[in-house]
Amino acid sequence: MIGLRRVMQRYGGSLPWLLALVLALVACEGPNSVTRPPVPRKQETTTPPDKGQAVYRPGMPGVIQKATDLVKQQLAKYDEAKASNLDHVVFASLAQQTLTEHKFNIAAYQEMAEDMKKRGIADEMVERLAKQEQEYQKQYDLFQSYLSRLTEDNRSAQARKVDLERFQTFLQNVQPRSHQTPLDPNNLPRVMLAPVDRTPMLSTKGYADFLGLPEMPEGIPIAAPTQDDTKGVEETVITPGIQALGDQLKTPLAIFKWVRTNIDFYPNYGSIQGADYCRQTRKCNAFDTSSLLIALLRSQKIAARYVFGTVEVPIERARNWAGRFTDKSSEAVGRALASGGIPATTVYTGGKPEWIQMEHVWVEAWVDYVPSRGRVHVEGDTWIPLDATFKQHKYIKGVDLGVKSGVDIKKPIEKARDSVKKDTLDGAINAPDSKDILDTIKKAQTNLKNAVEVNKLSGNELLGGREVLPFEHDVLLASLPYTVKVVGQRVSELPSKVRHTMQLAVVTKVAPKGPWGFGGDPAPDFRTTLPLYQIAGKSLALAYNPASKVDQDTLEKYTKTAQTPGQLPKALPSTLQFKPVITLDGKVLATGNATRLGSDNRFNIDMKGPGINKRISNTIVAGTYNAVVMNPGAIAQEHAKKLQKIAEEVEQKLKNKQVQGLERHKTFGTLLQAGGLNYWFQQDMNARISAEQQDILDIRQPAVGLFGYDLSVTYSGFIVATPRSVKDGGFSTDIDHDPHAIVSYHNDKKAEVRYMSSTGIAASAWEASTWEALLRPANPSSASGVSSMHLLSHAAKNNIPVYSIKKSNINSILPKLSLSAETINDIRSAVAAGKTVVTSQKEMQKGNWKGVGYIVQDEQTGAAGYLISGGRAGGGNEGPCADTWVCSFVLGILMIVAGALFPALTAFLVAAGVIAALVDLMGIMGTINNSSANDNAKDMARGLAYMLFAIAAAITVLGIWFGALAPFVAIAIYYLVMSIIVAAIIDWALNDFNDLVQNRGTP
């Protein structure tokens, strides 16, 4: 790991135990395990605790399930006429087994109490532990009383039946609650959006009603500018970046030309990025582009405002504006705009498309027009309409990458397919030999790299792209370049109706019942709503702060006194209480109620906007840290650079041992945000390449994912819903909302589905591999990933049957599956809704993670959920050292605690290593545009390339394995070819391939 090697070089003279810690970390390759509690709890072993350490087990594996099965069996065969059918022996045996377990649990509580007293923990905390033990004892006594009654003689048959039914009810109430949200098969995480069904408005009243504003009658004189037309508020806040650019450009003409030339039009609808983030991403819709233009004008004291209206654009100009549509695909232009959420329709003349009629937003500026026409600005005298979004382009078609690679990938794939042996008895397909495929991959990469270097291809020449045709006038024009059908509204500030928002809510007292623990939750502790433009470019997180001074003091006593690694705890007691907080750039926006560490909380995110209304609900373990990372359509490099700067500052402080004042938002909050940005950055890069090669327009709507550091919970014996202690759970990804509007430039619906599927596979692979990039930058390995694609590939390698389940075969395949009830229910509901499910036959133990990965796909649209058991639409890393506490639990402590808990040199060294790796990773984004990468950055990028290679090979083999599932094979083959290209591009970008991501710069 690059970061840790750096630390070893810098601090080689540290104490011997510090060096031993570093060696242990290097051997483990970083804190990279993911355990999604409580999925593995039934499989945990019952080894005794280490003396002197607060380590506690979750209770005898499966005891509640065993009791439930016994009761169910007895009730099924119970016959009042044959009371002896009630088997006393099995219940007596269960009572004896649970007595042994009970003694262990009581001993664990006593050990915790002794440990607390030894550390000088406050009496209040010890009393909390005693009360928790009493709660457990009460439940255990009740459990044993039921077993006692079921083993008694001389009871009537009816009384025994009543006892069984009452025991069954008791067991239902103490069953483990799953974190797996029931799947809604019609609301999958990755979706292809349908065109908006609202036609463009053609009246001022229609606009007034839609926007919730007074009607602006036609024909009235245009009002003079007001003070509101010069204020930098909401989307048009004049940031230092906006002010600096405005001061450089100065005049209305220069400002308009810069925005028109540098901002790439993105055809979706509503306020998403705001002015400043639009300036950074340079890929914005009409709303955000108008916000940027207005902010720049207002920075120079030039009045400006938004105009809503309906316009008609000639079809040939609309084709060029929206994308590289051809004359043959004119009918797809209106569908593309409408799929992006813009009310648009095609106007036909003589049966041929002639115009695109659409709702639009542009700007009016109070310009010094007489006589300078905007070339200078002294005092405004005329309202001039300005549309910096509408432009024409020169399109550059990328090379045929398949030809340039010089390799026929079909031959080894066909050979592998021929080697597949199908088991006709159960329908499963065995894995083929993939050696030829891997050899072909290596040859293709070499050929492709050589071809590009010899021909010295630029980014656009290699991948394809577009260039804005210049504005050929040296003055501002007094009219717009299209027909305006109606002007609906003129406003100084965008109305809330067109804003995209994110509402965050936390429930600390979740409903104890309902399907798998969901449903019937009380009102949330808080609801906080943020427009997306306020989130863009900032770090948003759900964290937990100590609920009181006694909780804070207790944490410090568990950590601050540690002078050696052995003095740090392996776990923390659940008697600690925390409050959930929503933070934005470290500032607390909302605070919830006190909740027990390790308890289940519900975290709801509502994504809302024009045409968007999505509820995301996850069960979160109290005490975890979750970065909420949004992709508003593009990732700004300034955002990445800001995180890199923070990481460098933290690294320098750690180097100088200036730890007072460092806290988790700047250390691990930055780490998780970087992981999230890296994930979205990789997806956008892959999408650009894939879309260009497949002739697809991909319009991403705002997407969001949770990138977290989890905790694994140990529960209190038979009270499985009551946590007793927590330890580290590793890093994880959860992508619950990733919507796209996909339109083929050839109006080919099948191509759109293939594209959705191929990029979805890539996204699933990176849900796990993004942590490899962060935690194992020098030597990432796809083999340690936990995502649906990694797990299905793992099944293939281990000869575990994999099934493609549809309505036609579900009844024959379901009995063969050894999966959790929650996963089986997901499969049933998905297939009933017409979806196809791909899953392995059983759960797998992969390193320290146990579960299953499965895909739910709509073969008609390409919409899909790439899921893993336990409730994640994502993944993490299983890692070899989840049980080695020194690898990751130190990080967990640092995440949990608010404040500086770094005096222990152990924590200092671990943090320094991770932050050093983070500095390198964030530099990767910059190296795409900067060839002067350092050696560490180059090593990391090459590691990413090889990892992507390994993922692609595994996915392709998996695709062949499903021989009969033609779409899956096709997309797997395609992704293999694309991965070759992406891997090579990452390598080239670090040396002499400077313009992969276009950066036009300022004038």
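Which residues in H5 meet which residues in H6? The views below are of a predicted model, in which local features need pLDDT of at least 70 and side-chain atom pairs count only at pLDDT 80 or more, while totals for chains, interfaces and linings use all residues. Residues are numbered from 1 along each chain as its sequence is written, and side-chain values use heavy atoms, leaving out hydrogens and water.

**View 1. The contact of H5 with H6.** Gln-139, Leu-142, Phe-143, Tyr-146, Leu-147, Arg-149 and Leu-150 in H5 meet Arg-160, Asp-163, Leu-164, Arg-166, Phe-167, Phe-170 and Leu-171 in H6 (contact means heavy atoms within 4.5 Å). These residues divide into nine nonpolar, one polar and four charged (Ala, Val, Leu, Ile, Met, Phe, Trp, Tyr, Cys and Pro count as nonpolar, Asp, Glu, Lys and Arg as charged, and the others, Gly among them, as polar).

**View 2. The axes of H5 and H6.** The axes of helix H5 (residues 123-150) and helix H6 (residues 157-173) come within 10 Å and cross at roughly 155°, and the two helices are therefore roughly antiparallel to each other (angles over 145 degrees, on a scale from 0 to 180 between N-to-C directions). Helices are DSSP runs of H or I with at least four residues, and strands are runs of E with at least two.

**View 3. Ile-342 in its loop.** Ile-342, in the loop between helix H13 (331-339) and strand S5 (344-349), counts as buried at 4% relative accessibility (buried means under 20% relative accessible area, with a 1.4 Å probe and protein chains only). The C-alpha atoms of Ile-342 and Pro-195, 147 residues apart along the chain, are separated by 8.4 Å.

Methods
Parallel < 35°, antiparallel > 145°, perpendicular 65-115°, else oblique. Buried < 20%, exposed > 50% of the residue type's maximum accessible area, 1.4 Å probe, protein only.
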